[in-house]
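Here are my notes on the model. Please read them with the structure open.

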Amino acid sequence: MGWRNRPRRVTNVIDHALPGKVAHKMPPPGLASAWRELVGPLLAPRVKVVCLDDDGSLVVAVNGSAFRQELALAAPRLKAALERQGFQVSGLRFIAARTQAPPQAPPDPPEPLSEADEATIKQMVEGVRDPEVRKALEKAMAAQFQNKPSSS
């Protein structure tokens, strides 16, 4: 097996593929996932590891000034936790940036069932003896009727 076919570390490939200054700014492998785990499920969608500054500070994009302030107050604890996991960072720097897509508008409510559809559903479940099962079936069928394509 020649030297080109041997397995290589991703960091070595990146170091050779990217210009020196850019490769140097890449966070070490595992840092982004460690960061998400460290900040927890509430903050993880609102923060994103960006890069390492020239001085070794971890730059983190934060969506929202309140979250930025909360993270700034917790920075010494967060830095210490990262160091305990083996990630050497000289500090943390938080920048304002959108880290997630804006929320989507809720879908329009379904159209009410026609009297004919309601009658059809009642007829289809009338043989079901258990009232809870009958009600569940009526609800499922109503949703199906409301989602059927219009015939226009």
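**Notes on the predicted model**

1. In helix α6, the buried residues are Met 141, Ala 142 and Phe 145. They sit on the same side of α6, because they cover an arc of only 110° around the axis. This is a predicted model, and the points below should be read as such.

2. The buried residues of α6 pack against α5. The face turned away from that buried side carries exposed residues: Glu 132, Lys 139, Gln 144 and Asn 147.

3. The length of α6 checks out. Its 17 residues, at 1.5 Å a residue, should span 24 Å. The end C-alpha atoms are 24 Å apart, so the two values agree.

4. What caps the N-terminal end of α6? Asp 130 does, with a side-chain oxygen 2.8 Å from the backbone nitrogen of Glu 132.

5. The structure holds three salt bridges. One of them joins the side chains of Lys 122 and Glu 138, at 3.3 Å from N to O. The pair links distant parts of the chain: Lys 122 lies in helix α5 (residues 115-125) and Glu 138 in helix α6 (residues 131-147), 16 residues apart.

6. Another salt bridge is formed by the side chains of Asp 53 and Arg 93, at 3.0 Å from N to O. Asp 53 counts as buried, because its relative accessibility is 18% and the cut-off is under 20%. Arg 93 counts as partly exposed at 39%.

7. Glu 83 forms a salt bridge with Lys 79, and the closest N and O atoms are 2.6 Å apart. Both residues belong to helix α4 (residues 65-84). They are four residues apart, so about one helical turn separates them. Glu 83 is partly exposed at 28% relative accessibility. Lys 79 is partly exposed at 22%.

8. Is Leu 31 buried or exposed? Leu 31 is buried, with a relative accessible area of 0%. Leu 31 lies in helix α3 (residues 31-43). Leaving aside residues up to four places away in sequence, Leu 31 touches Leu 58, Leu 82 and Phe 87. Leu 58 is 27 residues from Leu 31 in sequence, and their C-alpha atoms are 9.8 Å apart.

Definitions and conventions. Residues are numbered from 1 along each chain as its sequence is written. This is a predicted model: local features need pLDDT of at least 70, side-chain atom pairs count only at pLDDT 80 or more; totals for chains, interfaces and linings use all residues. Side-chain values use heavy atoms; hydrogens and water are left out. Helices (H or I, at least four residues) and strands (E, at least two) are DSSP runs, numbered from the N terminus. Buried means under 20% relative accessible area, exposed over 50%, partly exposed in between (1.4 Å probe, protein chains only). Contact means heavy atoms within 4.5 Å. A salt bridge is a side-chain nitrogen of Lys or Arg within 4 Å of a carboxyl oxygen of Asp or Glu. The expected span of a helix is 1.5 Å times one less than its number of residues. The arc is that of the directions from the helix axis to the C-beta atoms. A polar contact is a pair of N or O atoms within 3.5 Å; within protein, one must be able to donate a hydrogen and the other to accept it, and residues adjacent in sequence count only if both atoms are side-chain atoms.
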